[in-house]
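Open the model in your viewer and keep the selection panel at hand.

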There are 2 protein chains.
Amino acid sequence: MSASWVDLTGATAATLTTACWLPQAIRIIRSKDTKALSAWTTGLFTAGVALWLVYGLARRDWPVVGANACTLSLNALILGLKLRYG
Amino acid sequence: MSASWVDLTGATAATLTTACWLPQAIRIIRSKDTKALSAWTTGLFTAGVALWLVYGLARRDWPVVGANACTLSLNALILGLKLRYG
């Protein structure tokens with residue numbers, strides 16, 4: 001197994017699944033529209049990401065901590081907007 | 001470090017961030033409404049999860065493979081519905 005392309009794949013995956021939440025947050029802030037978003041999905045995903053953050057901290061796995069801290073911030077914002085705009 | 005509660009936290013996190021996509025898919029199928037969803041977020045997240053799946057396969061990390069295969073299936077469906085309903 002070549003570590004380099006595997007590590008690069010993991011880093012790219014982590015970057016995409018973290019940064020991807022920015023356009024959703026911006027779209028909601030601009031449109032104030034969250035109607036099509038599932039509150040269950042947003043809430044359960046946010047709770048799951050919070051647990052990934054706890055998992056990363058317990059294992060002192062800093063890439064996991066960093067990626068999930070960013071994802072949690074953005075999804076907590078999206079969840080707050082969903083609860084506000086309905 | 002007690003492995004047991006850390007492993008349980010990781011397993012719960014993986015279950016939540018995988019199963020959470022089911023209510024979003026069901027909501028779209030019922031309402032045919034994807035207006036508030038960001039196409040960028042849905043597309044980039046789906047691409048990122050596909051790379052997590054490749055990463056898991058390369059590392060023969062079967063929990064990562066399983067969770068991301070389920071998440072990819074549901075998000076590929078949500079992306080398809082977003083592209084269809086706009």
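Predicted model: local features only at pLDDT ≥ 70, side-chain atom pairs only at ≥ 80, totals over all residues.

Now colour by accessibility: is Asn75(A) buried or exposed? Its relative accessible area is 3%, and because buried means under 20%, Asn75(A) counts as buried.

Next, select the whole of chain A. Its secondary structure consists of four helices and zero strands, so a cartoon view should be read against the DSSP runs that define helices and strands. Going from the N terminus, the order of elements is α-α-α-α. Along its principal axes, the C-alpha trace of chain A spans about 45 × 25 × 15 Å. Chain A has 86 residues, and 42% of them are buried. Consider also the contacts in chain A with a separation of 6 or more: 72% of these join residues 24 or more positions apart.

Move to chain B and select residues 3-19, helix α1, together with residues 21-31, helix α2. At what angle do these two helices of chain B pack? The angle is about 10°, and the axes lie 5 Å apart. That makes α1(B) roughly parallel to α2(B), because angles under 35 degrees are counted that way. To see where the helices meet, show side chains for Thr17(B), Thr18(B) and Ala19(B) on the α1(B) part, and for Trp21(B), Leu22(B) and Pro23(B) on the α2(B) part. By class, the residues of this contact are four nonpolar, two polar and no charged.

For the last stop, show both chains and turn to the largest pocket. Its volume is about 1,000 Å³. Which residues lie nearest the centre of the largest pocket? Select Trp52(A), Val64(A), Trp52(B), Val64(B) and Asn68(B), which hold that place among the 34 lining residues. Then highlight α1 (3-19), α3 (39-58) and α4 (62-85) in chain A, and α1, α3 (39-58) and α4 (62-85) in chain B. Each of these helices supplies at least two residues of the lining of the largest pocket. Colouring the lining by class gives 18 nonpolar, ten polar and six charged residues.

Note on methods
Residues numbered from 1 in each chain as written. Chains lettered and ligands numbered in written order. Heavy atoms only, no water. Axes fitted to C-alpha atoms, helices over the stretch in contact; angles between N-to-C directions. Parallel < 35°, antiparallel > 145°, perpendicular 65-115°, else oblique. Contact = heavy atoms within 4.5 Å. Nonpolar A, V, L, I, M, F, W, Y, C, P; charged D, E, K, R; others polar. 1 Å grid on protein atoms, 1.4 Å probe; cavity = no way out; pocket = protein on both sides within 12 Å on 5 of 7 lines; lining within 4 Å. Points joined across faces, edges and corners; volume = space filled by probe spheres on them. Buried < 20%, exposed > 50% of the residue type's maximum accessible area, 1.4 Å probe, protein only.
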